[in-house]
Amino acid sequence: MNKTFRGKAWVFGNDVDTDVIIPARYLVTDDPVELGKHCMEGHDPQFPEKFHQGDIIVAGENFGCGSSREHAPLALLGIGCSCVIASSYARIFFRNAINVGLPILECPEAAKAINQGDEVEVNLAEGVIKNLSTGQSWNVPPLPDFLQDLMDKGGLVNWVRERLKEEEGAK
């Protein structure tokens, strides 16, 4: 997995719930690409056409609140979101994002300072967020090695599959 991301910032406020990230009417599939076609449609119906592969979501507090569906981080992956930076996350969204391999960072200072359209670079391994448009940067604790490994594998299910193959091969 690439541990450095660079993209345009798409800025949202506080309490962005999972129904805004992916409206409930699209929960008939768990295909990330299909879900991505409707990502953030609750905020802006044209959002999926405006968003580009590698762009970055930046939000305020309690991002991903609402229902506990994994579809929300899957939709973000499906639209091509490289990572999410927020002041804070709803607990279940945070875990679901990790489980499906969506990189997320919690940094209130960056979330407040980054503006819509800014060019942002994130280095997950080093825990550095840079606003290339303004020259500002922030350090955040890098993800623990275990979670970086899980992200490298594309999420929890893929990580478990690989571990089971390794254990089977060791017998």
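R25 is exposed, with a relative accessible area of 58%. That value comes from a predicted model. The cut-off for exposed is over 50%, so R25 qualifies at 58%.

R25 has a charged partner. Its side chain meets that of E41 in a salt bridge, with N and O 3.3 Å apart. R25 sits in the loop between α1 (18–21) and α2 (32–36), while E41 sits in the loop between α2 and α3 (47–50), so the bridge ties together parts 16 residues apart in sequence. E41 is buried, at 15% relative accessible area.

The structure holds eight salt bridges. Side chains of opposite charge can pair when their charged atoms come close.

| Pair | N to O distance |
|---|---|
| R25 and E41 | 3.3 Å |
| D152 and K3 | 3.3 Å |
| K37 and E34 | 2.7 Å |

Which parts of the chain does the D152 and K3 pair link? D152 belongs to helix α7 (residues 145–152), and K3 to the segment before β1 (4–11). These parts are distant, with the two residues 149 apart. D152 is partly exposed, with a relative accessible area of 32%. K3 is also partly exposed, at 25%.

Now take K37 and E34. Their side chains form a salt bridge at 2.7 Å, N to O. K37 is partly exposed, with a relative accessible area of 44%. E34 is partly exposed too, at 33%.

Some bridges share partners. Such salt bridges join D149, K153 and E162 into one network.

Definitions and conventions: Residues numbered from 1 in each chain as written. Predicted model: local features only at pLDDT ≥ 70, side-chain atom pairs only at ≥ 80, totals over all residues. Heavy atoms only, no water. Salt bridge = Lys/Arg side-chain N within 4 Å of Asp/Glu carboxyl O. Helix = DSSP H or I, 4+ residues; strand = E, 2+ residues; numbered from the N terminus. Buried < 20%, exposed > 50% of the residue type's maximum accessible area, 1.4 Å probe, protein only.
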